[in-house]
Amino acid sequence: MAIRKIREMGDPVLNKQCKEVTEVTPRIRELIDDMFETLYEANGVGLAAPQVGILKRIVVIDVTGEDPLLLINPRIIETSGEQEGYEGCLSVPGKTGYVTRPNYVKAVAWNENMESFEIEGTELLARAICHELDHLDGHLYVEKVSGPLMNTEDVEEQAED
Ligand code: NI
């Protein structure tokens, strides 16, 4: 396992469309392990493959630090409600902004055995799923911020995605 370099806003890799994973090869498994290690090292909530320079539809999320969630080829199939709050991104260090997201999300994805499963989330998990899936289509949360992008230290309540 290895810590991978997190790409930052301005790197063109963050604005590209990612490709579906067709097979979970040993190389993909290594990427997934590295993504979790990189996420925990950075104290993040979620990380998408393009953030480490790989244009594949793979996301890792852990909203508690004890609930690792891997989503391969994820698709949101249902959303409801609305939540407002501060959001951050490991690719936009030191910044945060106010983003409205659904309060409930249901997604379908593959696990590392290429088995399809559904995941439901509310609140922070729903926010993280939306945020990370946006990365797979080349979008950063800063496009969705209402109001100014602020310095993290100036904002008390925030979520580091
Ligand atoms: Ni992000």
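**Reading a predicted fold**

Q: In which helix is the place of Glu123?
A: Glu123 sits in helix α2, which covers residues 123-136. Helices (H or I, at least four residues) and strands (E, at least two) are DSSP runs, numbered from the N terminus. The model is predicted, so local features need pLDDT of at least 70 and side-chain atom pairs count only at 80 or more, while totals for chains, interfaces and linings use all residues. Residues are numbered from 1 along each chain as its sequence is written, and side-chain values use heavy atoms, leaving out hydrogens and water.

Q: How many helices and strands does the protein chain have?
A: Two helices and eight strands. Along the sequence they read α-β-β-β-β-β-β-β-α-β.

Q: What is the phi of Glu123 near?
A: Glu123 has phi near 50°, a positive value in a residue other than glycine. Asn73 also has a positive phi, near 50°, and is likewise a residue other than glycine.

Q: Where does Asn73 lie, and is Asn73 buried or exposed?
A: Buried means under 20% relative accessible area, exposed over 50%, and partly exposed in between (1.4 Å probe, protein chains only). Asn73 belongs to strand β3, residues 69-80, and counts as buried because its relative accessibility is 9%. Across the 161 residues of the protein chain, 48% count as buried.

Q: What share of contacts joins residues at least 24 apart?
A: A contact means heavy atoms within 4.5 Å. Among contacts between residues at least 6 apart in sequence, 68% join residues at least 24 apart.
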